Amino acid sequence: MKEHWRWPEYRRTVPGKDWTRASIVTAGVDVGAVSSKAVIMTDGELYAYSIMRTGASSPDSANKAMNWALEGTRMKLGNVQYVVGTGYGRVNVPFANKAITEITCHARGANYIWGPTVRTILDMGGQDCKAIRCDEKGKVTNFLMNDKCAAGTGRGIEVIADLLSVPIEEVGPMSLSVEKEPEPVSSTCVVFAKSEAMELLRKGWPKEMVLAAYCSAMASRIAELLRRVGMERDFVITGGISKNVGIVKRLENIIGIEALPMKKEFDPIIAGAIGAGLFAKDFYEKE
Amino acid sequence: MGSKNVKVLILKDSQILAEDLAPSGFDQKTATEKIFKAVLRKVGLSRGDIAYIVATGAGKDLAPHANSEVSVVGADALGGNFLYPSARTVIDVGAETSRAVRCNEKGRMIDFVINEKCAAGSGTFIEAMARALEVKLEEIGPLSLKAEKIISMNAQCTIFAESEVVSLIHEEASKADIARAIHDSIANRIASLARRLGIQRDVVLVGGVAKNIGFVNSLQRTLGVELLVPEEPEFVGALGAALTPLKSGGNEK
């Protein structure tokens, strides 16, 4: 059976860099509920990273992600001078020198990726969603989080991708291919929204219409979180759902603010791990 | 007209003549027609013998032949208080909604709180958990009574709780302990719903989930009050609806 929720795992080395000439090598490892990310930084700049599915054990997932990020670089874990763990499983990163919450790390990472004008970060993860406010230094000033309910999280998208047998990367584009935007599904709860989607399919709605109704309900749910935390420009989106254009476009419509476009050399999923890698450099220099 | 089952009950001079239920399915209207006819046949009556029909429940607008309708909370109050005249609070946990209703000595609804937004506070939650645990829905209640250890679940959301149950199985927690944790978890949510209303004795528990002995036990423990559970708790809403014309509470259609 095809697993439609499954998203691509990958690793990457930034071309044209020689880590052996760097004076400080640090790493940030973000073990999320759904995906694990390891980032290697040389002198505070992105060098290599990996993104993979989190398994049943956090320590195993951290090890695997780190080893994969190191793969092909000829670097060994021993060459990394300081490691900061972050994310849901941050205290279970066996080789980390320190653990920092992902909220702090996402703000720092976003400040690094997009620059000091960023004031609001929306991190749409696999099992939670956070709206974070920060200052020009990337320091968190306020945040709100939903980690109690799957509505508005990546799990919610996985459920609908599986139900409709649509590969998860296609959910967003497909949902935008409708001629007229349907009414959003009325249920917030993912379980009830799934039943509602099934009912729409039975009524003969095409898949893209059902996806549009579902994505639009999810976008309103996320917009609520942003409204409550208070929006200020510049606004950026991190985390896995930032890649779902169907949610992002609808969300931007509701809040009336466009998110800064993703910088080419980065993946929005690794923002937290980058933040952790930057904190690792700070700590190394301090110690 | 529940989201999972349609219930039909025939009342004659405050005596229950017959009752039965059928799955709501994809076409609740047809399902209702069928079960209504079946119940009539059971007691040898025809449609013309029925003086008045009142519909209630999530799908009450779809009810065929109905002369009037009554809100689910109004029906809960009437039905619960009819079975137990001492009842002042009726807690109804159904397939997709849950509610707590305050009533007076005449069975009139005074106040209520309702959850219809979140599956974690309804029977759907236990169904999903039974699937994750790979036990039959009818078995999960009795199974939870065999629990030896108290585990508490972190997840509230049904979707997240499914994953948590799977991890608990991997951690080799016993199925009975997990089953109890599942019931404790939903009981906590129902209890906080009921506490928002304020709990006044006696407390009656109705709705399909009241047939689950594991849930009844957990809720009793959490609330710290004895719960009165009728023999056929899922028919209490229908009973309340049937009582409405006698108490002249229904709205004429």
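This is a predicted model: local features need pLDDT of at least 70, side-chain atom pairs count only at pLDDT 80 or more; totals for chains, interfaces and linings use all residues.
**Entry: strand E5 of chain B**

I started with Val90(B) and then took in the strand around it. E5(B) covers residues 89–93, and five of its five residues are buried, so I jotted it down as mostly covered, given that buried here takes 20 or more other C-beta atoms within 10 Å. I then checked which way the residues point. Thr89(B), Ile91(B) and Val93(B) go one way, Val90(B) and Asp92(B) go the other, and all are buried.

**Entry: who pairs with E5(B)**

I went through the partners next. With E8(B), residues 203–206, the pairing is parallel and runs over four bridges. With E6(B), residues 98–103, it is antiparallel and runs over five bridges. A hairpin of four residues links E5(B) to E6(B). On the E6(B) side I found Val101(B) opposite Val90(B), and Arg102(B) is the bridge partner of Thr89(B).

**Entry: the whole sheet**

Where does E5(B) sit in the strand order? I read the order as E7-E6-E5-E8-E9 in chain B, an open sheet of five strands with mixed pairing. E7(B), residues 109–115, and E9(B), residues 227–228, stand at the edges with a single partner strand each, so one side of each has no neighbour in the sheet.

**Entry: Val216(B)**

Is Val216(B) buried or exposed? I have it as buried, because 20 other C-beta atoms lie within 10 Å and the cut-off for buried is 20 or more. Val216(B) belongs to helix H7(B), residues 213–223. Setting aside neighbours within four places in sequence, I listed its contacts as Leu205(B), Ala210(B), Leu227(B) and Val229(B). I also took one distance: the C-alpha atoms of Val216(B) and Glu226(B) are 9.7 Å apart, for ten residues along the chain.

Not counting residues up to four places away in sequence, Ile40(A) touches Val25(A), Ala27(A), Tyr47(A), Ala48(A), Tyr49(A), Ala69(A), Met75(A) and Val80(A).

Methods:
Residues are numbered from 1 along each chain as its sequence is written. Chains are lettered from A and ligands numbered from 1 in the order in which they are written. A residue is buried if 20 or more other C-beta atoms lie within 10 Å of its own, exposed if 12 or fewer, and partly exposed in between; C-beta atoms are placed from the backbone. Helices (H or I, at least four residues) and strands (E, at least two) are DSSP runs, numbered from the N terminus. Two strands pair if DSSP finds at least two bridges between them. Two residues are in contact if their C-beta atoms, placed from the backbone, lie within 7 Å.
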